[in-house]
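Please walk through this model from one backbone detail out to the overall fold. The text below takes the parts in turn.

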Amino acid sequence: MKKRILSILLAGCMAAGVLAGCGNGGNPGTTAAPSGGEAGGNTGSTGPATSVTNDFELVTVDGSSHQYKKYKDMTSENITLTYFHFDQDETVQLLAERFMKIYPNITVNVQYENVANYNTTLSTLVSNGQAPDVIMHSDCDYALSNMLLADISSFFNTDDETKNLADTINSAGLGTYNLEGGMRYSVPVKFFPGAMFVDRNVLETLNLKVPTQNWTWSEMTQLIKDATVLNSPDGMAYYGLGYYNRLDSYYGIAARQDIIGEFGFNGKVFDLTEWAVGEQEFSNLKLGGYIAPTTETQAMEDWCGDWEGWAGNTGHAALFSEAFWTFQNTWNTPGYKDSYNLDVVPYVIPAVSEADAGANHHSIATIDYGGITTSCQHPREAYELLKFMSYGVDGWYTRCEIYSDETIVNAMGTALKYDVMPVPITKDEGVWDEYIKVYCAGMDDEHTQLWRDYFKSCMQPISFGWTSIAGYWNFCDQYFNSIGIHDLVDNGTAQAADYVEEANRKANYFHAQAMLDYFGPGAYNVLTESEIAEYEKMKADNQ
Amino acid sequence: MAEMTKKMTRKEKKELRERMKHLKSGKLEKRYARMGYIFMIPWFIGAAVFLAYPLGSSFWYALNNIRITPLGRIFNFVGHGNFTQILIEDPDFMIYLVDYLTSTVISVPIIVVFALLIAMMLNMKIKGKGFFRLIFFLPVIIVSGPILGMLNSQGAGSVSAIDTAALSGAIGSVLPELIAKPISDVFGNMITTLWYSGVQILIFLSGLQKIDKSMYEAAKIDGGSGWECFWKITLPNLRSMILLNTIYTVVFVSNNSDNPIIVLIKNSMFSGTKEKGYGYASAMAWLYSIVVLILVGLFALLLATRKDQYEKQVKRAIKARKKEKRNKKRIERRNRRNAKRIEQQRAKGRITSHTTKRDDY
């Protein structure tokens, strides 16, 4: 009898264990998922705040001389916010600590995932009912199609600090997806302006004139050609350009000021005509032998005797279309500066027309966006956290403090300044003075001024398409990349202009479909009737 | 008891069966039955929760377009739409499928034969046998982690002695690109392919150790060479192991995280593209599962253990002997009956010797 009872009990325990093991915390998945907030974390019976009152008191926290704004419309109850990101983790952890010092009643739970696994992990969290409150996102198609992002326009539009952001954030509606209703789902979190780096030592060796900051596109291409000397006296060829980013993306934005997205996107439709000019020009430069070999190629081995060589450290490439962070990550690191005879300085990506080049003009930039999730129960507080982590003045003062202390290092032992340090997207002068101090530490006055000039001229950023245009990724995935246009044009088998008409149709079709899918009925349902009609027509016309 | 049953008529047997139906089983029997069910409960629950439910769910997913939002999952029923899209509109799936089929058909026999050879060598009397067994099992641990990716990126996955570029060129000149590429890939990743044979070596080793040594001794006495012993003794005895290893290898290769189709399914699952997502990935997984099942079935058909020829002959002989015996008995019975009848006829005086005339016919 005892054995029988024992066996029944054991079997019951095993069965219960099995069932418990596969539980998901009680969220059935078809109802609203709970946010990361603790019980009782609501802002009160009056409901969550829907705008920013800009009413604050100044507070100081231990370890910092900066006076922080503590907003009075924030909850006084104990809540927890989850911040999910792919930013530099040590920096974000320190920022979160500082935020918690300003708002002691808010606990910030920081979760990091690298970019490669970011969407996978985020999907898993969301499907398990553990959606974070604040997230970063890379491709907007993923975030929008899964309705991850909540409309934060009521906070953004009433916040005084957002009036002082880089001009295009508001003028080009970056993060708004150009909806007539004026909704905003994303804000820029990490900003890396586009740059053309010039090695002045190479120009000096080749006896070439150093360009000015308001150079034009044609001046740049001419310089690339002039700086290419295949039979140089020292036996190693000089190339005009070592590239990481293709120039067609640069040209597509630099061509006209009404273009606010890649592939000639004007907020409604695509026109790849300008892109095709840039694509063809870049391919012609490649075919003409003006572009330095890329790493892990026979050409690279032939050029510098190293299969894994990089044009950026040869001292035989004049210009570079490297990512912005390459300067601090590589060229400005102490070991690198001592090892190679380089004098790399930044230039804004030149505009095509002289009129545009003479003034501040649009240039492509790497911008990673973020937003508040639709399940967040404390949107006001989440907005403040998002702002602190991205464009907020207080957040940037804190960042500058963190970056200036080179004893704070990442897991690899590198000071955080050299680990993908972004650029402030606010125009606040105090922040910029601090940032320049950190960024140009150890530079002479001439170089510091060069960087100041560069930073002033790069505050009209336009982000890469996949981060800010609905349907862009689908277009690339299902058309552009699948037929390999870059390769076809680069090897001379096709002309970029041949694809313009078809690519326009495809791009407009995918964009229209995405707008309807993401923002139409059955999803966010925020499109006006005229927008629905417009996108339906665009979809039908380009089917 | 058996004798009693033998003597029972059909009707009696039927009645007995009817009575047995109404008989209650004994206490002990009942207890055994109950305990059996109790011990099976965890398995049933496990199978229901981790096998049947996910299978059913994934099939339901495959019929829907699913978005995982923070406010819950949004299902949009599309019927066979996902399957149609995969088969007609998705160029990658079919290309990867052909790649998969070609490379699996080539690599599975290579892995199994390699495993058999290594197992036979490890079964021989050599010094440090245990160490070598460990060495060959080590990749099982290594290939299951990111280390394999790192090794492959360093070029450790291919045999440097094989000129893969020349081989690819040669194959490409004879075969179409679609088939040539996976074949070239197999040669390009030869080391990785052979590394997949750790478990199979163990299975073959256990099979080899089970073969009765006296069979080899008998074969040797009869003058059988090692080669003959392999074909006549080793291989027939390992048939079931070969089938097991083949199926294991197909499943392993198909589920491997490096498999491009698995990567494609995963990417589709988390794709930003509205048309893709969980539903699309589930449909792809179902299509892929069917293909893998067909492949496993084909290998099983090809290698399923057939009855031994000797056993067949013995059975046939026994059958023939029984038949002969039955015939003999029948003839004897008939002879006895005929003799009896003749005797009876004779007693009645109806039969006289040589009394028939030609006219009687």
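Where is the place of A:N525 in chain A? This is a predicted model, and in it A:N525 sits in the loop that runs between α22 (500–519) and α23 (529–541) of chain A. The residue is not a glycine, yet its phi is positive, at about 55°. A:N525 counts as exposed because 8 C-beta neighbours lie inside 10 Å, and the cut-off for exposed is 12 or fewer.

A:E296 also deserves a look. Its phi is positive, about 60°, although A:E296 is not a glycine. The loop that holds A:E296 lies between α10 (273–287) and α11 (298–304) of chain A. A:E296 has 12 C-beta neighbours inside 10 Å and therefore counts as exposed.

For the 543 residues of chain A, a compact globule would have a radius of gyration near 24 Å; the value for chain A is 26 Å, which agrees. The C-alpha trace of chain A spans about 95 × 60 × 60 Å along its principal axes. Of its 543 residues, 47% count as buried. Among the contacts in chain A with a separation of 6 or more, 74% come from residues 24 or more positions apart.

Chain B is described here by its domains. It is divided into domain 1 (90–256) and domain 2 (313–350). The C-alpha centres of domain 1 of chain B and domain 2 of chain B are 61 Å apart.

Conventions
Residues numbered from 1 in each chain as written. Chains lettered and ligands numbered in written order. Predicted model: local features only at pLDDT ≥ 70, side-chain atom pairs only at ≥ 80, totals over all residues. Helix = DSSP H or I, 4+ residues; strand = E, 2+ residues; numbered from the N terminus. Buried ≥ 20, exposed ≤ 12 C-beta atoms within 10 Å, placed from the backbone. Domains from an automatic or database assignment. Rg over C-alpha atoms; globule rule 2.2 N^0.38 Å. Contact = placed C-beta atoms within 7 Å.
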